[in-house]
Amino acid sequence: MKILQLTSNGIILLIILFISIGCNRKENKKSQAFKVGVAVVDITPSIGYPVHGVPNEGVLDSVKIKTIVFNQNKKLAAIVLADLFFIDIDLSTEVRKKVSFATGIPYSNICVAATHTHNDPTYIYDCESYFNRKKIGSLSKEDEGGYVSQLITKMVQSVIQAKNNLRPVNINSGNINTEGIVFNRRFLMRDGSVKMNPGFLNPDIVRAVGPVDPEIGIILFRSLNDDKPLSAFVTFPMQVATVGNSTRLSAGYPFFIEKGLQNNFGDEFVSVFAEGPSGDVNHFDVQKPGPQTGYEEPTKTLGFNIANTILKNLEGLNMSKGDLDIISRTIQVPLQTFSSMDIEWAKNYNGEPAGTLIKARVKRILQLEKLHNLYGTIIPMEVQAFRINDETVIITLPGQPFVELGLALKEASPFTTTLIITLANSHEECIPIKKAYTEGSYEVIYSRVEAGGGEMLIETALELINKLKK
């Protein structure tokens, strides 16, 4: 009996010892430093290259690629944000493959997204030609030295540079409220219709049909050695469309967000901006006179307003140790349908009448034909989730989801701070909520997915978030 008692005690001690060792190993693993590296690469094209469809006459401010690389416990991830209107899927696929080969970062851990600036280099037509020729092996020397090839190379270089710049950081994150700078652009009119931006001081406006999200999402990275602010990842759900019909290139109001933060943190500080879900919101206040576009006003004012709001609320950000993990999933989202009569009309459209909705409908039908030929009745869409720590997660979504979808995701998220990147990896068009399809107007015409597609993306994002939340 005495021997049995000693054996039992020994077993108990061994169990305690193994648990202790396991906990210590887990603790040591968690205590490994969370590292962040950033890089900035200029992608401003030469004078004459199209800016949102017309030849550019120079720059208001340079357009750039800004990249963040995360590293902890041998895990690596990269987020690439480019000052472009949207990201072509062939471009993002090529970049992600090359980045993965060059850096060892898994393909699924790489996001390539656009800031959605409306004063961007219009690369899409060159991009289509480039990849069409690449697929049949007929790239020319001109292609290899052209803007699209340079864009690919610079995106890959930006990730390599950011990875080389990795350093341990402290993390502060949170949501900061703004007031009176973002507005829903869909309005119920007196005749019962719903219209997008129906005009300033229009007496036929009854009310907006949707909400806004006034929250700035931010992750601030400080040097672990001296706590100096190094960089920030900032999201805001308002379209980067404030400059107006300028023939000069610009990153839009995010440029002035960075300038405002640099005024406080120094010129080496880097602000990486992503547009949040804003398919149905923008900066126009229709209760005031127009035109409400321009570089100094409202672009500069809005950017500095957001930067100053961040600076005033830094003390309210949460501080938590890094705990990096990344998961992703690709789902099949139903495409909208079209008839043979639709195709006949769109292909024979001669430009008259040339209203915005008519042109949007023509483009929609012709693109849907291409998408159906490529994918069938469904289109693959990828959702990624980057856990930064127990308080903070970054979600990437394709296209331009409505603000309601972003609000629903944030409300249901178990994380205190949920930052959403849109126009990620593929897909340009609006992704409305279900009820908008019966209301109609520009955003629905401009969409390519069936009603419910946006909700499918949010459900997928929530599943990924819940897997990452401990």
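**View 1. Lys300 and Glu296 pair within helix 7.** Lys300 is partly exposed, at 30% relative accessible area (buried is under 20%, exposed over 50%, partly exposed in between; 1.4 Å probe, protein chains only). Lys300 forms a salt bridge with Glu296, closest N and O atoms 3.6 Å apart (a side-chain nitrogen of Lys or Arg within 4 Å of a carboxyl oxygen of Asp or Glu). The two residues lie four apart in helix 7 (residues 295–312), about one turn. Helices (H or I, at least four residues) and strands (E, at least two) are DSSP runs, numbered from the N terminus. This is a predicted model: local features need pLDDT of at least 70, side-chain atom pairs pLDDT 80 or more, while totals for chains, interfaces and linings use all residues. Residues are numbered from 1 along each chain as its sequence is written, and side-chain values use heavy atoms, without hydrogens or water.

**View 2. Asp213 and Lys410 meet in a salt bridge.** The N to O distance is 2.7 Å. Asp213 sits in the loop between strand 11 (205–208) and strand 12 (215–223) and Lys410 in helix 10, so the pair ties together parts 197 residues apart in sequence. Both residues are buried.

**View 3. Glu429 forms a salt bridge with Arg448.** Their closest N and O atoms are 3.7 Å apart. Glu429 lies in the loop between strand 21 and strand 22, Arg448 in the loop between helix 12 (442–445) and helix 13, 19 residues apart. Both are buried.

View 4. Buried residues of helix 2 include Leu91, Val95 and Val99.
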